[in-house]
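Colleague: I would like to learn how to read a model like this one. Could you walk me through a few features, one at a time?

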Amino acid sequence: MSFLNPAFLWAITAISIPIIIHLINFRRHKTLYFSNTKYLIDIKKETKNKTQLKQLLILLCRILTIIMLVIVFAGPFIPFDRDRQTDKLDVTAIYIDNSFSMQAEAKSGQLFDVVRQNALEIVNSAGSGMKFILITNENKPEHQVILNKEQITGEIEKLKIAPYQISLDELVLKINTLTPQESKANLYILSDMQKNFIETPST
């Protein structure tokens, strides 16, 4: 918790005022005259505890009132933890299409090699604390968990062409399944965008 006007917290020393008043009243003696003093001791014993409790409760109320007023004027607030919130949302999902169609040649080389290099560039440009999800056309166990920067780099470098193909709907379903609760994934799709990947299968 932080305060808009922390200087007001110095006013908390004002709680010494009711404490001093309490001590002064506690030491003050009042003289009473009785025509018959045989009941004086009994009366004193009965009322002493009640009087002390009453005085302590009054003192406590005065102290709490002062503390509450000081806190109100100091303007308490709970700061927004931007770094912690960013950590929750920083999940990058990378889909690398490793189907047979990615063996086609492009100007800069084989499509599969190009997208793998693009994926590595995305990983390298991210912060050290970034978390990743790697999705391919295969259902390998190591592609079903959250990876750090070093882990996903190793998985991308080991990736090979496979005889499998997934659709865009299946990709979205995987993202929703693998993304941690209360987190949001930024998705990169690295594919040649074949027709059977984009179109929704007819039922």
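Modeller: Happy to! Let us begin with a cut-off: a residue is buried under 20% relative accessible area, exposed over 50%, and partly exposed in between. M193 has a relative accessibility of 39%, so M193 counts as partly exposed. Keep in mind that this is a predicted model.

Colleague: Then how far does the predictor trust the chain, and which elements have the lowest and highest mean pLDDT?

Modeller: The average pLDDT of the chain is 79, and 76% of the residues score at least 70. Among the elements, helix 3 (residues 82-89) has the lowest mean, 48, while helix 4 (residues 111-125) has the highest, 93. Over residues 82-87 the pLDDT is below 50, and that stretch has one contact in the model beyond near neighbours in sequence.

Colleague: Back to M193. What is the phi of this residue, and where is its place?

Modeller: Most residues other than glycine have a negative phi. In M193, phi is positive, near 55 degrees. The residue sits in the loop between strand 7 (185-190) and helix 7 (195-198).

Colleague: Now helix 6. Which of its residues are buried, and why do they line one face?

Modeller: Residues three or four places apart in an α-helix point the same way, because there are 3.6 residues a turn. In helix 6 (residues 168-178), L171, K174, I175 and L178 are buried. Seen down the helix axis, these buried residues fall within an arc of 100 degrees, so they line one face of helix 6. They pack against strand 3 (91-96), strand 6 (131-135), strand 7 and helix 7. The face turned away carries the exposed residues L173, N176 and T177.

Colleague: And how many salt bridges are there?

Modeller: Side chains of opposite charge can pair when their charged atoms come close. Here the count is two. D113 pairs with R116, their closest N and O atoms being 3.4 Å apart; both lie in helix 4, three residues apart. E155 pairs with K158 at 3.3 Å, N to O, and these two lie three residues apart in helix 5 (residues 149-158).

Colleague: Is E155 buried or exposed, and what about K158?

Modeller: E155 is buried, because its relative accessible area is 14%. K158, at 52% relative accessibility, counts as exposed.

Notes:
Residues are numbered from 1 along each chain as its sequence is written. This is a predicted model: local features need pLDDT of at least 70, side-chain atom pairs count only at pLDDT 80 or more; totals for chains, interfaces and linings use all residues. Side-chain values use heavy atoms; hydrogens and water are left out. pLDDT is the predictor's confidence in each residue, from 0 to 100. Helices (H or I, at least four residues) and strands (E, at least two) are DSSP runs, numbered from the N terminus. Contact means heavy atoms within 4.5 Å. Buried means under 20% relative accessible area, exposed over 50%, partly exposed in between (1.4 Å probe, protein chains only). The arc is that of the directions from the helix axis to the C-beta atoms. A salt bridge is a side-chain nitrogen of Lys or Arg within 4 Å of a carboxyl oxygen of Asp or Glu.
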